Amino acid sequence: MDTKQTINELYQNLHAKGIVSTRKEFYNDWLNRSECYFRYLKLKDKKPSSDALAICSSKLKHYSILLEQNQHALLADEFATYSHKLDEMIFSNSKTKWMDLMNANTELAH
């Protein structure tokens, strides 16, 4: 599943549970970004930044821990699963960036 699909699925899941009411609320509260940011990404066919994904992942982890402590294991597991997916995306995006840079530097050295 790609980043955009995961973000969309997460929004739909939170919306269905009544945790967020609108995409605007989701973008602002869970990704620390505006609607304009996501319109720009769509227009330019880009992925959300690692920073936005990290903020969302951190928030999901935080609430997963709180939910677990308050006997809401199913929702806590769901939040933890989404957090893990976002962490894997951050790793993949970051690895691609540093490997591309490393390869470019290697090519310049030759």
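Is Phe 26 buried or exposed, and what is its relative accessible area? In this predicted model, Phe 26 is buried, and its relative accessible area is 0%.

**View 1. The pair formed by the rings of Phe 26 and Tyr 27.** The structure holds six aromatic pairs. In the pair of Phe 26 and Tyr 27, the ring centres are 6.0 Å apart and the planes meet at 50°, so the pair is tilted. Tyr 27 also counts as buried, at 11% relative accessibility.

**View 2. The aromatic pair of Tyr 37 and Phe 38.** The arrangement of Tyr 37 and Phe 38 is edge-to-face, with 90° between the planes and 5.1 Å from centre to centre. Phe 38 has a relative accessible area of 12% and is buried. One aromatic cluster is formed by Tyr 11, Phe 26, Tyr 27, Tyr 37 and Phe 38.

**View 3. Charged ends over the rings of Tyr 37 and Trp 30.** Arg 33 places its charged end over the ring of Tyr 37, 5.3 Å from the ring centre. The charged end of Lys 59 sits over the ring of Trp 30, at 5.0 Å from the centre of that ring.

**View 4. Cys 36 and Cys 56, with sulfurs 19 Å apart.** For Cys 36, the closest cysteine sulfur is that of Cys 56, and the distance of 19 Å is too far for a bond. A disulfide requires sulfur atoms within 2.5 Å. Across the whole structure, the search finds zero disulfides. Cys 36 is partly exposed, with a relative accessible area of 49%, whereas Cys 56 is buried at 0% relative accessibility.

Methods. Residues numbered from 1 in each chain as written. Predicted model: local features only at pLDDT ≥ 70, side-chain atom pairs only at ≥ 80, totals over all residues. Heavy atoms only, no water. Buried < 20%, exposed > 50% of the residue type's maximum accessible area, 1.4 Å probe, protein only. Phe/Tyr/Trp six-rings, centres within 6.5 Å; stacked < 30°, edge-to-face > 60°. Lys NZ or Arg CZ within 6 Å of the ring centre and 35° of its normal.
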